[in-house]
Amino acid sequence: MEPMLAGRVAVVTGGGSGIGKAAAEVMAREGATVVVSDLDLLGAEEVAHGIEAKGGRAIAVRADVSNIANLDELIDLTIGKYGRFHCAFNNAGIPGEGVSLIDHTEAGFDALIAINLKAVWYGMKRQIQHMLACGGGSIVNTASVGGLVGKPGLSVYCATKHAVIGLTKTAALEFGSRGVNVNAICPGVIKTKMVETVIGGDPVVAAEWAKLQPIGRMGTPEEIGEAVAWLLSGRASLLHGHALVADGGLVVA
C-alpha cells in the first residue's frame, strides 16, 4: 500500500518536541516532506536531521507562533522552497500558569491567547488562502480534552482549546466544499514536556494524572502522531470539522 502522505508537503508548528515531533516523524514515514518549525530551532533541527537519517525529507525553521510575521515567513518560505504545501498541523501551544481563574495574570492570559488561539486562527487564515488557490489541502489543529471539559487550575488554557474547536468546526463548514479538510485532535494526558511541566516532577501527581484515563496510563506522543497523520491523509476524507478525541477514555469515564 502506498504511504498515505506520499508526495505531500506538510508544515508542522511546535515540531521540535512532544506531539509535534512525533507527528512530523510519522508524516515523514508516510511519505511527506515535512517543514518542522519550532521556537527552539535546535530542537527542530534535531527532528529534521533524525527524519533525514531514516531516509525521509525534512527541513527545520525557527518560528515564534505568537509573532504573526514569523507565521508569514514560515508560509512564504515553504511555498518558495516547494511551490506549495498540502498539509498543515497547527500544534504549538503552552499550558499556562496552572492557577485558579482569580489568580491568573493578564500577561499569562495574553500569552495563552496569542500562542494557543491567535496563532491557530492566523495560521489557518494563511494556510486556507494558499490551499484554495492550489486545489485543496488538509489541516489539523491541536485542541485538547481541555477543549471539551474543564480542569481546575487551567481555566484560560481550557478556554483557548474550546475556541480552537470552534474555529475548526467553522472553518470546515466554510471551506470543506472547496476542498479544504479541517479537523482537530484532542489529546488526553500525554507524556510530553508540557504535561511534565504541569506535573512539576511530583510522582504522586503524575500517578493521579495517569489515573484520569481509564486505560491507567498516560498516552504517548507517537499515538497522537499516528492519528494526526491519518487525519491529514485522504483516508480521513469524510471527516470535516471533527474533534477527534484520543484520551484513553478520559471524557467518557
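Which residue forms a salt bridge with R217? The partner is E223, and the closest N and O atoms of the two are 2.8 Å apart. The legends below describe close-up views of a predicted model, in which local features need pLDDT of at least 70, side-chain atom pairs count only at pLDDT 80 or more, and totals for chains, interfaces and linings use all residues. Residues are numbered from 1 along each chain as its sequence is written, and side-chain values use heavy atoms, with hydrogens and water left out.

**View 1. The salt bridge of R217 and E223.** A salt bridge here is a side-chain nitrogen of Lys or Arg within 4 Å of a carboxyl oxygen of Asp or Glu. Side chains of opposite charge can pair when their charged atoms come close. R217 has a relative accessible area of 36% and is partly exposed. E223, at 39% relative accessibility, also counts as partly exposed. The classes are buried (under 20% relative accessible area), exposed (over 50%) and partly exposed (in between), with a 1.4 Å probe and protein chains only. A search of the whole structure gives 6 salt bridges.

**View 2. A network of salt bridges that links R29, E30 and E226.** Between R29 and E30, the closest N and O atoms are 3.3 Å apart. E30 counts as buried, at 14% relative accessibility.

**View 3. The salt bridge of R126 and D72.** The N to O distance between these side chains is 2.6 Å. Because R126 belongs to helix α4 (residues 106–133) and D72 to helix α3 (residues 68–82), the pair ties together parts that are 54 residues apart in sequence. Helices (H or I, at least four residues) and strands (E, at least two) are DSSP runs, numbered from the N terminus. R126 is buried, with a relative accessible area of 17%.

**View 4. Helix α4 and its kink.** The kink is about 40° and is centred on K118; the bend at a residue is the angle between axes fitted to the seven residues ending there and the seven starting there. The 28 residues of α4 should span 40 Å at 1.5 Å a residue, and the end C-alpha atoms are 39 Å apart, which agrees. The expected span of a helix is 1.5 Å times one less than its number of residues. Just after α4, G135 has a positive phi of about 95°.

**View 5. The largest nonpolar core.** A nonpolar core is a set of buried Ala, Val, Leu, Ile, Met, Phe, Trp, Tyr and Cys residues joined through side-chain atoms within 4.5 Å. This core has 30 residues, and M27, V34, F89 and V228 have the most contacts inside it. At least two of its residues come from each of β1 (9–12), α1 (18–29), β2 (33–38), α2 (41–53), β4 and α8 (221–232). Not counting residues up to four places away in sequence, V228 touches A23, M27, F89, V140 and I185; contact means heavy atoms within 4.5 Å. A second, separate core has 26 residues, including I59, A88, M124 and A171.

View 6. L74 is buried, with a relative accessible area of 3%. Leaving out residues up to four places away in sequence, L74 touches V11, T13, V35, S37 and V61. The C-alpha atoms of L74 and Q213 are separated by 36 Å, and these residues are 139 residues apart along the chain.

**View 7. H86 in the loop between α3 and β4 (87–90).** H86 counts as buried, at 18% relative accessibility. Apart from neighbours within four places in sequence, H86 is in contact with G7, R8, V9, M131, G137 and S138.

**View 8. K191 in the loop between β6 (180–187) and α6 (193–199).** K191 counts as exposed, at 54% relative accessibility. Not counting residues up to four places away in sequence, K191 touches E196, M218, G219 and P221.
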